[in-house]
Amino acid sequence: MAASLKQTTSEIATAFDKLLSSSTLRLRTHDAGCVSVVAVERYVAVPGPSVNKPTTTCYSYDVTVTDGVYRAKCQLAPELNSLVHKCVLRTGVEIRIVQCSFLYNEKCLRPGCVLIEGIEFGGERSPLLQTLTQEDVGSLPFFTSRVRNVLAHSDGPLKVEKKHYLPLWNNDDPYGVLWKCDIAPPSNGQALECNLSRGIHLCDLELFWGCTPRFPPVLVRVMYKSRLRFFGKPDGRIDIPYQAYFEVADCTGLMSMVLWNGMCPEWYQKLHVGTVILVENYAMKQAFESRTQPTPADPSMTMLRSTEISVNTLAPAGKITIIPQEAVKPEWKLPDITYTFVTRCQLDNLSPGDTCDVIGLVTFVGRCERIKKKDVAERYWTYRWVHIVDDTREQPFILEIFASSQPEAFSNICPMSYLVCTQMRVVGEARGHTMNYLTSSNESQVYCAGYHRGQPYVSHPRVKSFIKWTKTLSEETLLRKTVIGGYYRFPHSPDTFTPSSDDSKAPSLTSTSELQQEMEELHYREHRCLAVQGFIAAVRYVAWPAARGASGGQPEQPVPAAASSSETQEPRDQAQHGAPAARAGAGTPLSESGEQNNRTTGTAAKRSRCPYNLRVTKRRYCTEAASQTRRVTKSEQDAPTDEKTVQADPRKRSRPQQDDSEQPDPADCQSSSDTLAVVTLEEVPSPSWECGVWSAVQQHLSVHLNHSLHSASVPRKFDYKRREFLMQQHNLHPAKWQPPPAAATACDIEEFVPVCNHGYYVVTIMGVNQQVAIDAVFLPVISPDDPRRVGRPQAPHDNTLLSCLTEGFVSPESTGTTGWGGARQSFPSPGAIMQTAGSLDRVQVICLLDLYQLGGGQVEVFLNKLYRLTDIAVRV
């Protein structure tokens, strides 16, 4: 146990005893001690008004904090939910609870709980948690009091009307102790044999439908598995509103089986593709025709689609028995699991809507992103982009992988490892790109390192052929081609802009006056694409990274794969320490690549960090009621810089101002998984251009939204030895605190080689009404290792600034040898490109902007594509 746990003074006990002794059941304090957030958990909100005012929020949050002596689970006031939406209030941070109240549920005789109404933020990383392990935190007792009956601890939400928590960032994954993974073998073999003897084939079930309330047992194999579906509502009366479809089959055909409600936590994580089960006490229902169906790999299998098996906890109470694989008998004639693996070469011959399975070696893993489900408030799809390669073509598969109710597999997709994805659907040229890519279906399953052993596909000829190919690869060469994270957009935008309609997926046309509101409404890791019309008012080129650039501020040219500079040598050296690609085929048919315990805590030679302004600002967040009942004062205690007090409502929040006179030493500026730094570059001459009216107009703008390049927006070369840190950076922040891996504590994101090491452009877009302007980052594709280059048409253009903004890349002036490692290419200088900017003067354009909430309230804005009026297709 850490030394800090031996302290006897508890900040939680001191504050909460004062609260519980208060006759008003309310506490306000300016000298509250610091506590650390160890859990932020979400559940469907209970209908009805909040304590202070009516609210339309869909979800509520419980926050668990600790002071090293006690833990305490508290409710979060709905007015502070936006702090969670933007990942400002998150696990691992240090906070002060400056206002709270004690809350009873007046509809039941249950204990009360603490409601957090005002928060002041301290450190981005709690010093207390850096001294504790996860076991230390888990062993701390929960606070109790003799003064009042306090709800000390429960595995479920404090609002007792709800029975379970949801995952923090989507509704598709299982989360919490409710979900069970243990599998108990059948205890009575004689009873099992008896039930099997009374079994019936699937094709005969319709004979019993309507004739009997109880159906005979069925012995089936799970052929396909869907993601979970959560259908809970604030006024819903079902305790565990879940549904999951399984396609099951015997020798007579394939039928759908649906698990309802409490059967999902009990069985969803126990049933896998290939599992043999005996199903009893089920009901038969007419099949739901509107849902999606998997595409069977065996075309000879009979589809039984008119009815489906319904298994629930009541009426009747369903029973499922898992048959161990060694007990499965050949005379049962259960069908084998079949696959439709395609190679990268075969993908181009498939049609949109086709279904296939793929296996490949991961070369690029994008960051986790979220998009809002249509017409559903606060519900999001979670997805990430992944590139994998095989032995048939240098061009990779592009995979759009959505969360498939496999949270561990989804978060552990790692470069230099094998990836298998099943039931992926082909997306063709309908959305404006020039190559097929694959997206998840409702029945897609994802298998990465650590999940291959024992899967039915390990004996498939295509899988064996692929593994044999990986043994011939050079780890050193492959590691140089692996990339992780950063800004990524696919499919590429079409050449012609078509305004959005109800039945299209085109970005909506947004007025510049609405941009600020759009950015404030973004939730954590949410991606949104908008189109704005206006004029290019100014363009500024920024050489980056400055510490690596050549003298005089000139950008560093892309380094060919054959180069041996110090910038590219480190990944090669690290490859010799155990990136497992070439050895992945040893041992089992599909070995657990990426499972080596090869960890280091240091780096070979730390590169010079880019100087950036890091400001540690103490902020206070209170509910609107709290702000109205007292005058917020400044507190200088423990504040390294000026304290800022802001409201919980993001529209009322003032952005902390930075004092340019206080510049920290670059050596002291460290980035971590909890901080995001905007790259502030050295003062060097940079090419720039302004339109003729910009100097006069900018003085009269109502709003000028300034944005620059965030370090988290830059794709980085993958380092296998420090993969834990890199994966932590690009996955979603966890709902429960997890100590960082030992190898990650000494890491700095700026130590990893950026792929886009050629500088970027800051483009100022002014609305057509000349009232609002916004700065957007344009990061052209130049490097052959840039994952955004894949699938992009590379037809040469004249390298004017207009054509670069339109096409998204800088065209090479001369090209050497081609190949997967890229060619030695020369490109026009940024100054030469900027000399052509005059053609943009007073030209009305439409700009596609990609907005992305990085976390902590920080938003990146990228210029995706520029359209001239001649490139617009008007709907009739």
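This is a predicted model: local features need pLDDT of at least 70, side-chain atom pairs count only at pLDDT 80 or more; totals for chains, interfaces and linings use all residues.

A: His 164 sits in the loop between α3 (134-139) and α4 (189-197). Numbering runs from 1 along each chain as its sequence is written, and side-chain values use heavy atoms, with hydrogens and water left out.

Is His 164 buried or exposed? His 164 counts as buried because its relative accessibility is 8%. The cut-offs are under 20% relative accessible area for buried, over 50% for exposed, and partly exposed in between, with a 1.4 Å probe and protein chains only. Beyond its neighbours within four places in sequence, His 164 is in contact (heavy atoms within 4.5 Å) with Tyr 43, Pro 157, Leu 178 and Phe 230, and also with Asp 239, Ile 240, Pro 241 and Tyr 242.

Now the whole chain. The protein has 17 helices and 34 strands. Of its 876 residues, 57% are buried. Among contacts with a separation of 6 or more, 75% join residues 24 or more positions apart.

Helix α1 covers residues 11-21, and its buried residues are Ile 12, Ala 13, Phe 16, Leu 19 and Leu 20. Why do they line one face of the helix? Seen down the axis of α1, they fall within an arc of 130 degrees, so they share one face. That arc is taken from the directions from the helix axis to the C-beta atoms. An α-helix has 3.6 residues a turn, so residues three or four places apart point the same way. On the face of α1 turned away from the buried side are the exposed residues Lys 18 and Ser 21. The cover over the buried residues of α1 includes β1 (26-28), β2 (35-44), β3 (59-66), β4, β5 (94-103) and β6 (113-121).

Strand β4 spans residues 71-76 and contains Leu 76. Leu 76 is buried, at a relative accessible area of 4%. Setting aside residues up to four places away in sequence, Leu 76 touches Tyr 61, Val 63, Asn 81, Val 84, Leu 89, Leu 115, Ile 116 and Ile 119. Gly 118 is 42 residues from Leu 76 along the chain, yet their C-alpha atoms are 9.3 Å apart.

Further along lies the largest nonpolar core, with 131 residues. Such a core is a set of buried Ala, Val, Leu, Ile, Met, Phe, Trp, Tyr and Cys residues joined through side-chain atoms within 4.5 Å. Leu 399 and Leu 419 have the most contacts inside it. Leu 419 touches Leu 399 itself, and its other partners include Val 358, Val 386, Ile 413 and Cys 448. A second, separate core of 45 residues includes Ile 765, Phe 778, Leu 801 and Val 810.

Ala 449 lies in the loop between β20 (437-447) and α9 (461-470). Ala 449 counts as buried, at 11% relative accessibility. Its C-alpha atom is 7.6 Å from that of Asn 412, 37 residues away along the chain.

Last, the cysteines. The structure holds 0 disulfides (pairs of cysteine sulfur atoms within 2.5 Å). Cys 691 is buried at 6% relative accessible area, and Cys 756 is buried at 1%.

How values were computed: Helices (H or I, at least four residues) and strands (E, at least two) are DSSP runs, numbered from the N terminus.
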